[in-house]
Amino acid sequence: DFMQGHYVHEPEVVLEDLAKQEGTIEEHLRSLFESPGQEEENEKGFGRDLLGRIYSIAYTEAPQDNDRRYHGAFERYMEESVARGRVRSDMPIESLAMLAASLLGSMALSWVHFEDFPIAERASCVARLLSESLAPRP
C-alpha cells in the first residue's frame, strides 16, 4: 500500500539524513525531538503531521514489516552514531534504538491526542535526558 510505505518512509529519511550530519548525540536528538515544537513546519518536514505519521506507525497502523522498518531506521541511525563515536557502545544497538523510537512515538501520541500538550517543553527535556543516557562513556 502506497500510503503505508509513505508513512514509514519519512521518518526513515529524516533519521538517515541526521545520521550523516556532524554533531553530538544531544544536538541530533534536540533536532529530532524539538523540531515538532516549532510553530511552523520547517524545511526538514517535521511537525504535527510527521509525528502523527510516526504515531500511526508505532501504535495503530503497524503491520509487522512497517514496524520493523520504523525500528530499523532507528537501529541504522544508532549503528552510524556508535561508529562515529556519538553514542555509547557498551549496550546493544537494538536496545538503544528501541528506547529512542519508543520515546519519540510516545511523545507523538501525546501531542497528536492532546491539543494542549506542551510539546516544546517536553521535547527539550526528553532530548536532554535521552542524550545523557546515550552519550559515550569515558
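**Entry 1: E26 and S131**

I started with E26, which touches R128 and S131 when residues up to four places away in sequence are not counted. Contact here means heavy atoms within 4.5 Å. Before going on, I noted that this is a predicted model, where local features need pLDDT of at least 70 and side-chain atom pairs count only at pLDDT 80 or more, while totals for chains, interfaces and linings use all residues. Residues are numbered from 1 along each chain as its sequence is written, and side-chain values use heavy atoms, with hydrogens and water left out.

E26 lies in helix α2, and S131 is found in helix α6. I keep the helix rule here: helices (H or I, at least four residues) and strands (E, at least two) are DSSP runs, numbered from the N terminus. Along the chain the two residues are 105 apart, yet their C-alpha atoms are separated by 4.8 Å.

Is S131 buried or exposed? I found it buried, with a relative accessible area of 4%. E26 is partly exposed, at 31%. The cut-offs are under 20% relative accessible area for buried, over 50% for exposed, and partly exposed in between (1.4 Å probe, protein chains only). From its own side, S131 touches I25, E26 and L29, again not counting residues up to four places away in sequence.

**Entry 2: α2 against α6**

Next I looked at the two helices behind that pair. Two packed helices are described by the angle between their axes and the distance between the axes. The axes of α2 and α6 come within 9 Å and cross at roughly 150°. That makes α2 roughly antiparallel to α6. For the record, axes are lines fitted to C-alpha atoms, for helices over the stretch in contact, and angles run from 0 to 180 degrees between N-to-C directions. Angles under 35 degrees count as roughly parallel, over 145 as roughly antiparallel, 65 to 115 as roughly perpendicular and the rest as oblique.

Which residues meet here? On the α2 side I listed I25, E26, L29, R30, F33 and E34, and on the α6 side A123, S124, V126, A127, R128, L130, S131 and L134.

**Entry 3: α5 and its partner**

I moved on to α5, which has 21 residues. From first C-alpha to last it reaches 30 Å, close to the 30 Å expected at 1.5 Å a residue; the expected span is 1.5 Å times one less than the number of residues. Its buried residues include L96, A100, L104, M107 and W111.

α5 and α6 pack at an angle of about 170°, with their axes 11 Å apart. So α5 is roughly antiparallel to α6. The contact is made by L96, L99, A100, L103, M107 and W111 of α5 and I119, R122, A123, V126, L130 and L134 of α6.

F117 lies in the loop between α5 and α6. I checked its accessibility: F117 is buried, at 13%. Leaving out residues up to four places away in sequence, it touches M107, S110, W111 and R122. F117 and M107 are 10 residues apart in sequence and 9.3 Å apart in space, C-alpha to C-alpha.

**Entry 4: the core**

Then I asked which residues of the largest nonpolar core touch the most other members. They are L32, F33, F74, M78 and L134, out of 27 residues. Such a core is a set of buried Ala, Val, Leu, Ile, Met, Phe, Trp, Tyr and Cys residues joined through side-chain atoms within 4.5 Å. α1 (2-20), α2 (25-34), α4 (64-83), α5 (93-113) and α6 (119-134) each supply at least two residues. α5 gives the most, with seven.

E12 lies in helix α1 and counts as buried at 15% relative accessibility. Leaving aside neighbours within four places in sequence, E12 is in contact with R69, Y70, A73 and R76. V14 is also placed in α1, and at 12% it counts as buried.

Finally, I stepped back. The chain has six helices and zero strands. Buried residues make up 40% of its 138 residues. Among contacts between residues at least 6 apart in sequence, 70% join residues at least 24 apart.
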